[in-house]
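Let's take a walk through this model together, one piece at a time. Have the sequence and the 3D view open as you read.

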Amino acid sequence: MKKSILPILTYSSIIAVPLFLFIYAISYIFAAAYMYVPIQALLGISLAIFCISNGIELFVYKTGTKNVLRLSRHEVDQTKSTISHLVGSKSTKTITFNVKRFNNKEKQLELHKYKVQVDKFTSVLTALLKVKSHSDSTLSIRCSCNMGICGSCGMEVNGKPVLACETNVLKNVKEGDEIEISPMTGHPMVKDLVTDFDDFFSKHISVAPYLERKNKEEQYNAKEIYNQSNDDISKFLPYSYCIMCGLCLDACPVVNTNPQFAGPQALSQGYRYYADSRDQMGEARLELVNAPEMVWGCEFAGACSDACPKGVDPAGAIQLLKFEVMKNSLVGNAPDNK
Amino acid sequence: METLKYDLIILGSGLAGLSAAIHASTISKGKIKIAIVTKLHAMRSHSVSAEGGLSGVLYGKDNKDSLTLHAYDTIKGSDYLADQDAVEVLVNGAPQEIKFYEHLGVPWNRTEDNKISQRPFGGMTIPRTAFAADKTGFFLMRALYDTVLKSENIDIFHEHYATSLIMDKNRFNGMFTMDIASGEKKLLLGNAGIIATGGAARTYKLTTTAYSSTGDGIALAYRAGLPLKNMEFVQFHPTSLVPTGVLITEAARGEGGYLLNSKGERFMSAYAPSKMELAPRDIISRAIITEIEAGRGLVHEESGMSHVLLDLTHLDHKKISEKLPMIKEICIKTLGLDPDNDPIPVRPAAHFTMGGIHSNINGQVMSGPSGPAMANLWTAGECGCVSVHGANRLGSNSLSQCSVWGRITGIGAATYLMKKDISKYDESFSMKFAQGEEERINGILEFDGKNNPYDIRESMQETMDLNMGVYRDRIGMAKAKKELQVLQEKFKDIYVEDKNDVYNTNLRDVLEIGNLLDLSQVIAEGAIARNESRGSHALRENPKRDDKNWMKHTIAMNINGKIQLSYANVKVTKWQPEERKY
Amino acid sequence: MLEKESFDVRGREMNLLKTLNYDKEAFLHLASFRVLIVLSIFMSAMFFANILFGLFGGYIKAAIVLAWLLITPQLYEVMKAFSLITSGGFAFGKMNKSFLDLMREKTNKLSYKVLVALPAIGIIIWIAVLAAFIAV
């Protein structure tokens with residue numbers, strides 16, 4: 001119960017402030033003057049609680065944010081052309097790729113321009129690999145499957161986090177036949193378009209993202225399959241589509257302003273295992289996420305679900321998880337069949 | 001250079017590698033130190049792209065299915081080149097793997113009465129492929145990676161590229177790796193090793209595989225003097241999306257899809273009248289190419305590629321959303337076509353490497369064409385060749401193979417390591433080797449020749465596509481061999497543009513291209529020598545199977561820089577070779 | 001020995017401007033929320049000063065209107081969250097489309113449609129009352 005005091009204050013003030021504003025306006029409209037002072041007092045109290053609890057939540061729990069790099073843009077304008085190898089292709093267009101590459105020696109984002117010939121089906125990844133093969137081999141990109149399932153090629157195209165292998169060039173071209181590419185600034189950057197995932201992986205591990213059974217030997221020896229219906233599966237299925245691409249953390253405004261926040265990916269996986277009827281960790285799972293930098297850091301901006309390429313809906317998962325945590329800390333043990 | 005010491009080093013983090021780690025850790029009760037070395041992040045291995053399913057006889061009595069039938073289907077599918085004792089191990093072990101994965105959290109599709117659903121697949125008499133939507137490989141990888149995180153004794157080395165195996169007197173001592181993110185060289189010493197790096201289909205230009213499927217483990221073993229087996233058998237998956245080559249799963253045909261030519265006919269009736277679209281993959285790929293060559297194919301406007309059509313429009317839309325959602329998303333995102341309403345353009349593309357590192361039934365790497373087996377090195381998954389798939393693999397048998405041999409090699413390595421008085425790695429020998437290897441890699445970084453290594457890669461891939469494809473002929477293969485030799489010479493005079501330590505993908509690509517070139521030469525050599533058509537090796541000049549002279553495995557070894565071929569017998573137990581008709 | 005180095009630009013409130021590129025609604029929601037957090041303590045002080053010492057009389061209505069406008073995005077999100085949780089993640093969720101196809105029977109129910117309409121109705125009432133408040 002103690003852990004939940006701050007979220008209880010935060011959320012009740014978020015409900016109380018509009019409630020009292022509404023009552024004040026209604027009393028004002030109907031000229032019920034005897035209500036003004038009491039409601040104004042309640043409003044004052046709830047505003048104060050609102051300021052203090054949300055202020056602590058947002059601005060104080062950022063301890064440990066060290067060495068934030070301030071970037072200034074420094075342009076290295078190199079316009080290099082890339083020969084097209086599109087044999088038999090009818091309609092090619094020349095597009096200028098404005099690639100902001102992170103220079104790890106200068107610790108700056110540098111703008112490099114490359115001209116590439118693309119056709120109707122060329123993806124951003126294919127075009128960048130063409131640049132790498134024929135124009136500038138020093139361009140570092142992370143890629144593997146080319147079909148949007150491995151999650152390696154996350155980057156920002158025109159400021160929006162996307163998977164490069166799934167992003168069509170011609171559908172995303174801006175005026176002047178230009179397209180902007182940059183690394184995901186919502187993750188620590190290593191070089192060019194490559195970001196570091198260590199932080200991301202450790203946040204994932206912190207929610208115990210695996211199926212726990214009380215009888216570990218039985219889990220390993222697997223004599224009979226667990227009894228689970230299609231209905232049970234549909235409770236957690238979309239949340240299990242997560243490919244760990246990191247686009248949701250790049251999109252999340254909370255992660256970008258407070259890197260201590262666990263992030264939508266880890267929390268959605270926490271919910272995925274909680275909602276799986278085969279998992280037997282129960283209440284302990286809710287305890288893991290019941291912290292200001294875990295589930296309570298989420299402000300339901302919803303940018304993560306928009307960015308997710310697989311439709312995992314982490315924002316939805318986190319709100320459902322918040323409800324479960326609150327229910328558990330107020331009502332008691334999570335029931336066995338959830 | 002950092003030196004790190006482990007008991008077991010697993011190279012590769014796909015299904016085989018991760019399951020080997022879990023089994024080794026559980027059997028040893030967490031006592032042995034395991035390192036998983038992978039050149040990507042561990043959960044991004046190419047195994048995630050597997051779509052169709054995992055085959056296993058789960059409900060034999062209910063379905064009128066049996067282990068014997070699964071084994072027969074596999075052996076007939078392999079065109080009688082599979083080792084039959086190994087196939088029996090595969091079919092016996094597969095059902096347990098399905099249950100094991102279910103216990104790790106995989107959401108297998110279920111029937112109305114909560115049993116695991118199984119669907120029809122190519123070459124299988126009875127439906128026995130368990131599936132999780134059409135992202136089976138992805139779900140298996142998530143469950144395995146998440147389970148690996150439970151163990152404290154497993155260290156994962158993300159983005160570490162292994163450049164060399166350290167072998168001394170037929171013993172594995174460890175491997176030399178490069179941390180891609182920092183450029184730091186790390187020597188990993190281990191008392192046992194498992195190679196599970198996957199296949200080498202990136203030797204071809206049109207391929208369903210990831211950019212990372214460059215056969216590094218196979219090439220490392222080859223250069224270390226270990227034998228490779230059956231490399232000339234490369235499976236071409238019949239339905240890859242035009243123009244990108246992305247895989248459209250066999251399950252699309254399993255759920256009832258039709259293959260149509262330009263006349264709108266289901267042309268498979270002429271090639272496999274009883275199985276139609278569910279014949280084994282080599283037969284369908286050849287059928288598609290034959291139709292295209294006879295002028296009954298269509299041409300894709302943008303890319304100029306010839307193709308046929310995969311028609312799913314007559315299927316229930318809800319069924320597609322339930323069992324084939326990912327291919328629907330891919331078609332819409334790539335081509336703007338919805339499979340519910342329009343047929344999709346497909347053609348064969350390089351997909352799977354039936355061949356690999358020569359191993360015995362326990363997954364132990366053999367030190368020569370007929371053994372003896374190495375004491376402390378195993379191989380599992382696509383990069384190993386036991387051989388269970390022979391000359392052609394049936395769909396959904398690969399996930400079974402990776403899981404079963406992941407378990408066998410993991411338990412084998414753990415049992416070996418728990419014995420008393422096993423000899424340890426030779427540290428001084430390894431250090432000396434590592435110093436030489438570091439100089440070699442730094443030397444490659446300095447290369448300032450005149451050839452672009454990416455151009456060499458593209459030429460190699462085009463040559464392989466043209467001459468070592470679904471149909472092969474003597475003139476084409478000889479041309480390929482000559483061109484590959486020219487490319488090897490050119491490769492000695494390349495430039496490496498990126499001279500930095502940090503995240504040098506240029507250097508990593510150059511090392512991969514070297515591996516691909518070596519492997520493509522082995523593929524060509526084996527194909528030229530095999531004077532028959534069997535499974536996925538289709539020789540135009542000799543379209544018949546020759547059991548009398550050629551029912552044997554091709555073994556290729558690196559002797560003084562040259563490829564030397566020899567042959568090994570196929571193990572036959574119960575099933576005598578017959579004509580392969582569907 | 002070479003260590004892996006990475007450089008982090010996260011941690012500054014100015015990074016909020018990044019969301020303008022792909023989700024203007026999220027930016028409006030978070031920015032107005034943060035502004036309200038800062039202003040709310042002043043408003044609270046003002047209200048108590050007004051009750052106890054009779055100060056700021058003319059500014060009370062303006063402060064109410066300002067607080068009203070600043071909290072509107074947050075109120076809308078709270079109503080959306082309520083609908084989302086009550087419908088088990090379907091209302092205002094952005095789940096995988098193929099999965100939603102299979103869940104049609106959940107989304108065709110009347111109770112679901114009511115939950116989807118709720119936040120819109122709530123905001124309409126909210127703005128209507130504000131308009132009436134200003135007019136009086």
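Helices (H or I, at least four residues) and strands (E, at least two) are DSSP runs, numbered from the N terminus, and two strands pair if DSSP finds at least two bridges between them. Look at β4(B) and its partner β5 (residues 129–130) of chain B: the two pair in the antiparallel sense over two bridges. There, B:R119 stands opposite B:T129 of β5(B).

Before going further, a word on what you are looking at. This is a predicted model, in which local features need pLDDT of at least 70 and side-chain atom pairs count only at pLDDT 80 or more, while totals for chains, interfaces and linings use all residues. Residues are numbered from 1 along each chain as its sequence is written, and chains are lettered from A and ligands numbered from 1 in the order in which they are written.

Staying in chain B, you can find another open sheet, this one of five strands in the order β19-β16-β10-β22-β23, with mixed pairing. Its edges are β19 (384–385) and β23 of chain B, each with a single partner strand, so one side of each is left without a neighbour in the sheet. Helix α6 (residues 216–223) of chain B packs on this sheet, where the helix touches β10 (228–229), β16 (356–358) and β22 of chain B. The direction of α6(B) makes about 40° with that of β16(B); axes here are lines fitted to C-alpha atoms, for helices over the stretch in contact, and angles run from 0 to 180 degrees between N-to-C directions.

Now follow the end of that sheet. β22 (residues 552–559) and β23 (residues 562–569) of chain B pair in the antiparallel sense over eight bridges.

Step back to see how chain B is divided. Domain 1 covers 2–50 + 93–107 + 134–233 + 354–429, and domain 2 covers 240–349; these bounds come from an automatic or database domain assignment. The C-alpha centres of the two domains lie 33 Å apart. Their contact takes nine residues from domain 1 of chain B and 16 residues from domain 2 of chain B, where two residues are in contact if their C-beta atoms, placed from the backbone, lie within 7 Å. On the domain 1 side, the residues divide into two nonpolar, five polar and two charged. For these classes, Ala, Val, Leu, Ile, Met, Phe, Trp, Tyr, Cys and Pro count as nonpolar, Asp, Glu, Lys and Arg as charged, and the others, Gly among them, as polar.

Next, turn to chain C and the chains it touches. Seven residues of chain C are in contact with 12 residues of chain B. With chain A, 53 residues of chain C are in contact with 63 residues of chain A. The elements of chain C that give two or more residues to this side are α1 (24–53), α2 (60–86), α3 (97–102) and α5 (110–135). Of these, α1(C) provides the largest share, 13 residues. By class, the side of chain C that touches chain A has 30 nonpolar, 13 polar and 10 charged residues.

Which helix of chain A packs against α1(C) at about 155°? The partner is α2 (residues 33–60) of chain A, and the axes are 8 Å apart. That angle makes α2(A) roughly antiparallel to α1(C), since angles over 145 degrees count that way. The contact of α2(A) with α1(C) has 14 nonpolar, seven polar and no charged residues. Residues that meet here include A:V37, A:L47 and A:F50 in α2(A) and C:I37, C:F47 and C:I51 in α1(C).

Finally, look inside chain C, where the axes of α2(C) and α5(C) come within 8 Å and cross at roughly 165°. This makes α2(C) roughly antiparallel to α5(C). Their contact includes C:W68 and C:Y76 of α2(C) and C:P119 and C:W126 of α5(C).

How values were computed: Angles under 35 degrees count as roughly parallel, over 145 as roughly antiparallel, 65 to 115 as roughly perpendicular and the rest as oblique.
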